[in-house]
Amino acid sequence: MKKRLLSLALVLSMSATMAACGNKGGGGEVVEADVPSIDELNGDDYKDLKADIKILTNRTDIVDTVYKGYADEFTKLYPNIKVT
């Protein structure tokens, strides 16, 4: 009897979990970004790219040293892209 109750409890909890992950339908809005194709970019320098990027890492010991240098070098190549 305990096994049946445990099995029922597990099935109900899994069903509730899966129902919580479902889509309610029609609530999402699709936003189309104005992304240039490779043909629309200005040659080999790509100076016309504009974006903000965020770098995530678990290496907190080198964020202010090594990654700061990487960001500085990247910004020299792509000045319109903000690196956080």
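Biologist: Where do K68 and D72 lie, and how many residues apart are they?
Modeller: Both are in helix α2, 4 residues apart, or about one turn of the helix. Helices here are DSSP runs of H or I with at least four residues, strands are E runs of at least two, and numbering starts at the N terminus. This is a predicted model, so local features need pLDDT of at least 70 and side-chain atom pairs 80 or more, while totals for chains, interfaces and linings use all residues. Residues are numbered from 1 along each chain as its sequence is written, and side-chain values use heavy atoms, without hydrogens or water.

Biologist: What does K68 form with D72?
Modeller: A salt bridge, with the closest N and O atoms 3.3 Å apart. The rule asks for a side-chain nitrogen of Lys or Arg within 4 Å of a carboxyl oxygen of Asp or Glu.

Biologist: Why are E73 and K76 separated by about one helical turn?
Modeller: Because they sit 3 residues apart in helix α2. E73 is partly exposed at 47% relative accessibility, while K76 reaches 59% and counts as exposed.

Biologist: And R59, which residue does it form a salt bridge with?
Modeller: R59 goes with D61, and their closest N and O atoms are 3.1 Å apart. R59 is partly exposed, at 39% relative accessibility. D61 has 53%, so it counts as exposed.

Biologist: New topic. How many helices and strands are in the chain?
Modeller: You get 2 helices and 2 strands. From the N terminus on, the order is α-β-α-β.

Biologist: What share of the chain do buried residues make up?
Modeller: They account for 5% of the 84 residues.

Technical notes
Buried means under 20% relative accessible area, exposed over 50%, partly exposed in between (1.4 Å probe, protein chains only).
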